[in-house]
Amino acid sequence: MKTQPVSPDFVSLDRLSVLEIEQLIERALELKHGQPSKTFANKTIANLFFENSTRTRCSFEMAEHRLGMHVLPFETTTSSVQKGETLLDTCKTLEALGVEVLVIRHQETGYYHALMEQLTIPIINAGDGSGQHPSQSLLDLMTMYEVFGHIHGKTVVICGDLRHSRVARSNADVLQRLGATVIGSGPPEWFDETMGIAYVPIDEAIEQSDIIMLLRVQQERHNQAMELEETYHEQYGLTLDRMRRVRPEAIILHPAPVNRGIEIADELVEHTQSRIFEQMKNGVFARMAILERAFHPNSTEGAI
């Protein structure tokens, strides 16, 4: 049987099969455990971040460095974007100059649809508006698989601003496809009924969950942010009191940056059940696997 070509773009996990997702997780774990990667010394890549980012941008840069790629410097503040150049023209210019993969974060939800039609080089979505954050989702899955070996039958609570979170949107869908039960919790005005999940009060949710996934309060998206800061932690956050009712085998995740004392008590960020910094570490290996796939999209056996 002839193998169907696989798109090298990585823009949303819902475009990948369950098998492809599990193979990426497996490959990321192999890389973490020391299995070598091919080098990509003759490959040139550019990172276009139109929104602020520390973890995602640095994580991609570290992954590119470990794979031996040449990273073309690009800063939106000193580029022709400031002269009104469109995203498409910026990308076509870089493609014409010889860049072979583009990693893009952009404030417009679904920005990548038009680019995929008009570019011949792969696009890796590093976050689009309130749409998707597939590389964060992959590192979250990697962290869960690393702890539990699988997530089939596990219960995951996603707590916080689900309505505006691209992390929540990416994870809610893929977790259910992989066999997990997903529930939501947090302020009711931030629930998103389109995600197809049940919503449960936080005190009930943490007692029945194997994975507690906290979301950052996106203060930049809310006019009532200051008011929320005063009440959020006690009403919806992981407090010291609630932590006493968390299952001993459960783990705590957060995409960061963490608002200490708001989504989670300061003392719990480094708790033995917290995997927040391990998520960051895993992000490098997850993105190495994603970058390998961009150049070898039909490789399905893990090691290239």
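Pro 257 sits in the loop between strand S9 (251-253) and helix H10. Ala 256 lies in that loop between S9 and H10 as well, and a cis peptide bond with omega of about 5° joins Ala 256 and Pro 257. Although Ala 256 is not a glycine, its phi is positive, at about 60°. Ala 256 is buried, with a relative accessible area of 14%; buried means under 20% relative accessible area, exposed over 50% and partly exposed in between, with a 1.4 Å probe and protein chains only. Helices (H or I, at least four residues) and strands (E, at least two) are DSSP runs, numbered from the N terminus.

The model is predicted: local features need pLDDT of at least 70 and side-chain atom pairs count only at pLDDT 80 or more, while totals for chains, interfaces and linings use all residues. Residues are numbered from 1 along each chain as its sequence is written, and side-chain values use heavy atoms, with hydrogens and water left out.

**The sheet with S1**

An open sheet is formed by 4 strands in the order S2-S1-S3-S4, and the pairing is parallel. Its edge strands are S2 and S4 (123-128), each of which pairs on one side only. From one strand to the next the twist averages 20°. Two strands pair if DSSP finds at least two bridges between them. Strands of a sheet pair through backbone hydrogen bonds, either parallel or antiparallel.

| Strand pair | Bridges and sense | Residues standing opposite |
|---|---|---|
| S1 (residues 44-49) and S2 (residues 70-72) | 3 bridges, parallel | Ala 46 and Leu 72 |
| S3 (residues 101-106) and S4 | 4 bridges, parallel | Leu 102 and Ile 123 |
| S5 (residues 155-159) and S6 (residues 181-185) | 5 bridges, parallel | Ile 158 and Gly 184 |

Strand S1 is mostly covered, with 6 of its 6 residues buried. In a regular strand the side chains alternate between the two faces of the sheet. On one side of S1 the buried residues are Thr 44, Ala 46 and Leu 48, and on the other they are Ile 45, Asn 47 and Phe 49.

Two packed helices are described by the angle between their axes and the distance between the axes. Axes are lines fitted to C-alpha atoms, for helices over the stretch in contact, and angles run from 0 to 180 degrees between N-to-C directions. Contact means heavy atoms within 4.5 Å.

The axes of H2 (residues 55-66) and H10 (residues 276-295) come within 8 Å and cross at roughly 55°. H2 and H10 are therefore oblique to each other; angles under 35 degrees count as roughly parallel, over 145 as roughly antiparallel, 65 to 115 as roughly perpendicular and the rest as oblique. The crossing of H2 and H10 is right-handed; a crossing is right-handed if the near helix is turned clockwise from the far one by less than a right angle, and left-handed if anticlockwise. Among the H2 residues that meet H10 are Phe 60, Met 62 and Ala 63, and the H10 side includes Val 284, Phe 285 and Met 288. By class, this contact of H2 with H10 has 8 nonpolar, 3 polar and 4 charged residues. Ala, Val, Leu, Ile, Met, Phe, Trp, Tyr, Cys and Pro count as nonpolar, Asp, Glu, Lys and Arg as charged, and the others, Gly among them, as polar.

H1 (residues 18-32) packs with H10 at an angle of about 115°, with the axes 8 Å apart, and passes H10 in a right-handed crossing. H1 contributes Glu 20, Leu 24, Arg 27, Ala 28, Leu 31 and Lys 32 to this contact, and its H10 residues include Phe 285, Ala 286 and Ile 290. The residues of the contact of H1 with H10 divide into 8 nonpolar, 1 polar and 7 charged.

A second open sheet has 5 strands in the order S7-S6-S5-S8-S9, with parallel pairing. S7 (198-199) and S9 stand at its edges with a single partner strand each, so one side of each is left without a neighbour in the sheet. H5 packs on this sheet, touching S8 (211-214) and S9, and its direction makes about 170° with that of S9. H6 (residues 166-177) lies across S5, S6 and S8 and runs at about 165° to S5.

Leu 138 has its place in H5 (residues 134-148). Leu 138 is buried, with a relative accessible area of 0%. Leaving aside neighbours within four places in sequence, Leu 138 is in contact with Leu 13, Ile 21, Leu 24, Ile 25, Ala 286 and Ile 290.
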